[in-house]
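Let us walk through this structure step by step, beginning with the ligand and then turning to charged side chains.

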Amino acid sequence: MREMILQTSVKVYTYDEFSAEDRQLIDAARKATERSYAPYSKFNVGAAVRLVDGTVVTGNNQENAAYPSGLCAERTTLFWANAQYPDVAVDTIVIAARSEGGELQVPIPPCGACRQVILEVEKRYNRTIRIVLYGKRECYVIEDGIKALLPLCFDSDFLE
Ligand code: THU
């Protein structure tokens, strides 16, 4: 028997510590929470994606009375970005959330299905995506791509 240790590095920032460019993207994700359609959970999630050419795309969670028919903010945003700009890789994604009590103090991490979609986008453009999770008190930054949040992941390599 041997053991594999899979390590993840998450950098913890406060909002003020980000560059002006990052703060702009974070603010776009925060703003996107206000346009979310979440009448069932009342949990509003926003995402903002910056493409490598500087284009910014935002989105949010879209719920449905038939619950599984809704979609998370991350996937709404990435699918839209890839649908509009199929030839431009994604550089950074920011995720922000708000409940009835307002913006959350600590960041929310992407759900498993969204992690899998982020992985697919990384593979598609052969480029890791920087992931920024916004919280009022602190933010988490994963610099080196989704594999840090999805160890032992299944991707297209296994289909070859
Ligand atoms: N949600 C997201 O949009 N992103 C996440 O990372 C976690 C959860 C949404 C799905 C649903 O509309 C609501 O938040 C409550 O789960």
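What follows describes the ligand's surroundings and then some salt bridges.

The model is predicted, so local features need pLDDT of at least 70 and side-chain atom pairs count only at pLDDT 80 or more, while totals for chains, interfaces and linings use all residues. Residues are numbered from 1 along each chain as its sequence is written, and side-chain values use heavy atoms, with hydrogens and water left out.

An oxygen atom of the ligand lies 2.9 Å from an N or O atom in the side chain of asparagine 61, and an oxygen atom of the ligand lies 2.6 Å from an N or O atom in the side chain of glutamate 74.

Side chains of opposite charge can pair when their charged atoms come close. The structure holds 12 salt bridges, each a side-chain nitrogen of Lys or Arg within 4 Å of a carboxyl oxygen of Asp or Glu. One of them joins arginine 130 and aspartate 22 at 2.9 Å, N to O. Arginine 130 is buried at 16% relative accessible area, as is aspartate 22 at 11%, where buried means under 20%, exposed over 50% and partly exposed in between (1.4 Å probe, protein chains only). Both residues belong to a network of salt bridges that also includes Arg50 and Asp91.

Methods
A polar contact is a pair of N or O atoms within 3.5 Å; within protein, one must be able to donate a hydrogen and the other to accept it, and residues adjacent in sequence count only if both atoms are side-chain atoms.
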